[in-house]
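Let's go through this model together, asking at each step what stands behind the words. Here it is, with its sequence.

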Amino acid sequence: MTPLEILAAAFVAVGTFFGFVATVGIIRLPDLYSRLHAASKSDTLGSVLSLAGIAVVFGITTESMKLVFLLVFLFVTSPTAAHAIARAAKEQEVEPAGENAWLDENDAESEGEGGER
């Protein structure tokens, strides 16, 4: 096994690990916002590492350039989609799990004035 193949295998293995972490986060976390966080961060990193491992195997070719464009596309679209989903959920008044999860602007102002709740 060449050093490049070992590097590619390491990228794919770590990418698979982060994909697994994203899956566990989606299943185990309590609400939409937490699940969205797990899905957007870990899944993006896992996909990017896996694609980077494949690009290392291909070397400098047209296929690896396509993978680089796909990486850039993932970096742009995944956070944008996560933000849009979270914003839509907030507008639909989907409540996060736990007490005091939302920081109300009026509460933040009263805390800044020295008032206690």
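Q: At what angle do helix H2 and helix H3 pack, and how far apart are their axes?
A: First, a word on the source: this is a predicted model, in which local features need pLDDT of at least 70, side-chain atom pairs count only at pLDDT 80 or more, and totals for chains, interfaces and linings use all residues. Residues are numbered from 1 along each chain as its sequence is written, and side-chain values use heavy atoms, leaving out hydrogens and water. Now to the helices: H2 (residues 32–58) and H3 (residues 62–91) pack at an angle of about 180°, and their axes are 9 Å apart. The axes are lines fitted to C-alpha atoms, for helices over the stretch in contact, and angles run from 0 to 180 degrees between N-to-C directions.

Q: What makes H2 roughly antiparallel to H3?
A: The angle is about 180°. Angles under 35 degrees count as roughly parallel, over 145 as roughly antiparallel, 65 to 115 as roughly perpendicular and the rest as oblique. Therefore H2 is roughly antiparallel to H3.

Q: Which classes of residue make up the contact of H2 with H3?
A: The contact has 18 nonpolar, 5 polar and 2 charged residues. Here Ala, Val, Leu, Ile, Met, Phe, Trp, Tyr, Cys and Pro count as nonpolar, Asp, Glu, Lys and Arg as charged, and the others, Gly among them, as polar.

Q: How many helices and strands does the protein chain have, and what counts as one?
A: The protein chain has 4 helices and 0 strands, in the order α-α-α-α from the N terminus. Helices (H or I, at least four residues) and strands (E, at least two) are DSSP runs, numbered from the N terminus.

Q: Why is Ser-42 called buried?
A: Buried means under 20% relative accessible area, exposed over 50%, and partly exposed in between, with a 1.4 Å probe and protein chains only. Ser-42, in helix H2, has a relative accessible area of 14%, so Ser-42 is buried. Contact means heavy atoms within 4.5 Å. Not counting residues up to four places away in sequence, Ser-42 touches Phe-18, Gly-19, Val-21, Ala-22 and His-37.

Q: Is Ser-50 buried or exposed, and what value decides?
A: Ser-50 is another residue found in helix H2. Its relative accessibility is 19%, so Ser-50 counts as buried. With neighbours within four places in sequence left aside, Ser-50 is in contact with Phe-11, Val-12, Gly-15 and Thr-16.

Q: What makes Glu-93 exposed?
A: Glu-93 has 64% relative accessibility and therefore counts as exposed. Glu-93 is found in the loop between H3 and helix H4 (105–112). Its phi is near 60°, a positive value in a residue other than glycine.

Q: Why is Gly-59 called partly exposed?
A: The relative accessible area of Gly-59 is 32%, so Gly-59 is partly exposed. Gly-59 lies in the loop between H2 and H3. Gly-59 and Leu-4 are 55 residues apart in sequence and 9.2 Å apart in space, C-alpha to C-alpha.

Q: Where do Leu-36 and Ala-86 lie, and how do you know that they touch?
A: Leu-36 lies in helix H2, while Ala-86 is found in helix H3. Leaving aside residues up to four places away in sequence, Leu-36 touches Ala-82, Ile-85 and Ala-86. Leu-36 is buried because its relative accessible area is 14%, whereas Ala-86 is partly exposed because its value is 23%.

Q: What makes up the largest nonpolar core?
A: A nonpolar core is a set of buried Ala, Val, Leu, Ile, Met, Phe, Trp, Tyr and Cys residues joined through side-chain atoms within 4.5 Å. The largest has 5 residues: Val-48, Leu-51, Ala-55, Leu-67 and Leu-71. H2 and H3 are the elements that give two or more residues to this core, and H2 gives the most, with 3 residues.

Q: How much of the protein chain is buried?
A: Of its 117 residues, 22% count as buried.
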